[in-house]
Amino acid sequence: MAKEKKESKSKKEKKEKKEKTHKEKKEKHSSKNKEDNVMEVDVISPVSTGPTPTITPAETKSDKGLIVHYDLRALIPFAQPLASEKLTREIMIVIRKAARQRHCRRGVKETVKAISKQQKGLVVMAGDVSPMDVISHIPVLCEDNEIPYIFIPSRADLGFSCATKRPTSVVMIVPDRKNEDNNLEYKESLEKCLNEVKELEQFMIH
């Protein structure tokens with residue numbers, strides 16, 4: 001009888017020991033998960049090597065996420081005037097805001113159509129288009145119709161800024177002139193970009 005009691009006591013001790021180790025493992029695992037969660041929260045979007053861009057109050061959280069791929073290795077020979085990295089970002093933000101209000105013409109066909117209808121705005125082309133003949137006629141059309149145009153280095157950036165998943169060769173921002181109130185979201189930014197583009201054009205002429 002005493003032997004049986006001893007055995008049951010040792011079994012009980014083993015069981016308690018097992019439960020204790022199991023509990024410790026569980027606590028350790030949960031604390032590890034908490035640490036992992038903290039790590040996930042602390043992850044920040046990719047850091048740019050260039051200067052930190054100034055965010056204006058008019059820009060939304062989604063605009064902050066724009067990353068400019070300013071790579072000039074694949075530029076076509078006639079990609080002039082070419083926007084600086086800072087101007088490229090400003091143009092991308094304007095395109096995004098214009099796209100929200102459906103004031104963008106995407107692609108070569110839509111842009112050429114808008115130019116032929118003598119719609120006023122800003123034409124933005126990608127400098128890494130291949131083959132280059134796809135957009136080679138657009139600068140001439142813009143000059144004939146007195147429409148300002150600018151190049152940015154990346155088709156991917158141009159496509160991303162106008163809310164399309166695919167890279168885009170050319171985009172034309174066509175503000176709705178009939179309803180000026182609708183342009184308030186990006187009107188000032190567009191005018192600022194247009195002034196900088198005109199300055200670049202004058203620099204090219206001289």
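Select Lys192 to start: this residue is partly exposed, at 44% relative accessibility (with a 1.4 Å probe and protein chains only, buried means under 20% relative accessible area, exposed over 50%, and partly exposed in between). The model is predicted, so local features need pLDDT of at least 70 and side-chain atom pairs count only at pLDDT 80 or more, while totals for chains, interfaces and linings use all residues. Residues are numbered from 1 along each chain as its sequence is written, and side-chain values use heavy atoms, with hydrogens and water left out.

The side chains of Glu90 and Lys192 form a salt bridge, 3.5 Å from N to O (a side-chain nitrogen of Lys or Arg within 4 Å of a carboxyl oxygen of Asp or Glu). This pair links distant parts of the chain, 102 residues apart: Glu90 lies in helix H3 (residues 85-100) and Lys192 in helix H7 (residues 187-205). Helices here are DSSP runs of H or I with at least four residues, strands are E runs of at least two, and both are numbered from the N terminus. Glu90 counts as buried, at 17% relative accessibility.

Next, select Asp128 and Arg155. Their side chains meet in a salt bridge, at 4.0 Å from N to O. Here too the pair links distant parts of the chain, 27 residues apart: Asp128 sits in the loop between strand S2 (122-126) and helix H5 (138-144), and Arg155 is in helix H6 (residues 155-161). Both ends are partly exposed: Asp128 has a relative accessible area of 24%, and Arg155 is at 31%.

Move to Asp71 and Arg73. Their closest N and O atoms are 2.7 Å apart, and the two residues form a salt bridge. Asp71 is partly exposed, with a relative accessible area of 36%, whereas Arg73 is exposed, at 75%. How many salt bridges does a search of the whole structure find? The search finds 3. Side chains of opposite charge can pair when their charged atoms come close.

Last, select the cysteines Cys104 and Cys162. Which cysteine sulfur is nearest to that of Cys104? The nearest is that of Cys162, 6.2 Å away, and Cys104 is in no disulfide (a pair of cysteine sulfur atoms within 2.5 Å). Across the whole structure, the search finds 0 disulfides.
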